[in-house]
Amino acid sequence: MRKIFLFLALAVALVVKAQDASIGNRIDSLLNANELLKTSQMGMVVWDLTADSLLYERNGRQTLRPASTMKLLTAITALDRLGTDYVLSTKLCYTGTIENGVLRGNLICSGGMDPLFDQSDMQAFVESVRTLGIDSITGFVGADRSFKDDKLLGEGWCWDDDNPVLSPLVYNRKDVFVETFARQLMAAGVKGVMAQGSGTVDMRGRETPYIICVRTHNIDQVLLRMMKDSDNLFAECLFYQLASSEGHQPATAKQSAALVKDEIQRAGLNPANYRVADGSGLSLYNYVSAELLVRLLRHAYKNEAVFRHLLPSLPIAGLDGTLKNRMDQTAAFGNVKAKTGTLTGIISLAGYCTTANDHQLCFAIINQGVLSASQTRHLQDRICIELCR
């Protein structure tokens, strides 16, 4: 009986090995015949999560710029360290006293770097003031921006790129939060409103403010926009939550980067071999490898709570997000769930898929130094189709 069992186990192993070789050969043939790779760099790793074994590797350890696949590092670190029930919050407070409808003090908007704060939240702020019976203010409406440092751009960002503003208080993606709030207060009939939006109110040494309204959004809401649409503002807002959650005030990019590097170490790699500059992938100072991306995807897959929240946030081939118009009517359609990345000269793709024999895979492909984005995406799509069929 034992001999039969060993024979069957050996037979299964040989079949799996033959399938792996077949996939490897098909990908090699595809890559070796492609002109793009004669003039550009490529790093690629595919890991069979079901068999927990390496399926394919080409220049897997080569350090390359990840573009927006950097958001995978941010997302996985945030889900693991902040927790899957984490919320981003924005507070409205007041100082002083309220007498006969007059606030003899100030209204303070305390930013928590929530990119989802919208008109409904702003209206809730206004209504909370009116609910207190306030119809006049003797002080000012100010901004507490102590959540993070005063740098409005990230390290290594190109000046002519479409860069988000790194303010703890953003409204409609702009640093106009306090001015907008003051204007809406006046429209609601509150008199004496003066906006002090350009400066940061330092609450240290001042009287303890009274909180009158808190608006929150959860991490899943942020992840959905951040990953499906590759929204850089959302990624940076989540990135800075890392440092803030450790008690750093103001939070800095270097502090958050240190926590991402801790996550890299948890995943089993040496963080000293990589460079983490921001949370979105806009920075030209980020350097990772396909091996690193796959190692973190494996790390997430093994953590049931993290994977349960990460996977639904990823674009789905042919269906939504940044993969909506890719791999349609192929074996990869609805199968590949992956984060895309695009910067000048860089096209990347990393995520999960399922093979024809129901094995779960994770993969990472980084192409650097490419002149044709469309040709590079086509190559990556063909690789994914080979993995799925």
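1. Basis. The model is predicted, so local features need pLDDT of at least 70 and side-chain atom pairs count only at pLDDT 80 or more, while totals for chains, interfaces and linings use all residues. Residues are numbered from 1 along each chain as its sequence is written, and side-chain values use heavy atoms, with hydrogens and water left out.

2. Helices α2 and α7. Helix α2 (residues 70-81) packs against helix α7 (residues 253-266) at an angle of about 85°, and their axes are 10 Å apart. Helices are DSSP runs of H or I with at least four residues, strands are runs of E with at least two, and both are numbered from the N terminus. Axes are lines fitted to C-alpha atoms, for helices over the stretch in contact, and angles run from 0 to 180 degrees between N-to-C directions. The two helices are therefore roughly perpendicular (65 to 115 degrees; under 35 is roughly parallel, over 145 roughly antiparallel, the rest oblique). On the α2 side the contact (heavy atoms within 4.5 Å) is made by Leu73, Ile76, Thr77, Asp80 and Arg81; on the α7 side, by Leu259, Val260, Asp262, Glu263, Ile264 and Arg266.

3. Glu291. This residue is placed in helix α8 (residues 290-302). Glu291 counts as buried because its relative accessibility is 16% (buried is under 20% relative accessible area, exposed over 50%, partly exposed in between, with a 1.4 Å probe and protein chains only). Apart from neighbours within four places in sequence, Glu291 contacts Val45, Gly60, Arg61, Leu269 and Tyr274. From Thr131 it is separated by 160 residues in sequence and by 55 Å, C-alpha to C-alpha.

4. Salt bridges. The count is 19, a salt bridge being a side-chain nitrogen of Lys or Arg within 4 Å of a carboxyl oxygen of Asp or Glu. One of them joins Lys38 to Glu35, with the closest N and O atoms 3.0 Å apart. Lys38 is exposed at 61% relative accessibility, and Glu35 is exposed at 53%.

5. A link to helix α8. Asp52 and Arg298 form a salt bridge whose closest N and O atoms are 3.5 Å apart. Asp52 is in the loop between β1 (41-48) and β2 (53-58) and Arg298 is in α8, so the pair ties together parts 246 residues apart in sequence. Asp52 is partly exposed at 41%, whereas Arg298 is buried at 12%.

6. A network. Asp229 and Arg225 meet in a salt bridge (4.0 Å, N to O). Through shared partners, salt bridges join Arg173, Arg225, Asp229 and Asp231 into one network.

7. Aromatic pairs. There are 8, counted where ring centres of Phe, Tyr and Trp (its six-membered ring) lie within 6.5 Å; planes under 30 degrees apart are stacked, over 60 edge-to-face, and the rest tilted. Tyr94 and Tyr210 are a stacked pair, 5.0 Å centre to centre with 25° between the planes. Tyr94 is in strand β3 (residues 87-99) and Tyr210 in strand β8 (residues 210-218), so parts 116 residues apart in sequence are tied together. Tyr94 is buried at 13%; Tyr210 is partly exposed at 45%.

8. Phenylalanines. Phe117 and Phe177 form a tilted pair, 4.7 Å centre to centre and 50° between the planes. Both Phe117 and Phe177 are buried. One aromatic cluster is formed by Phe117, Phe125, Phe177 and Phe181.
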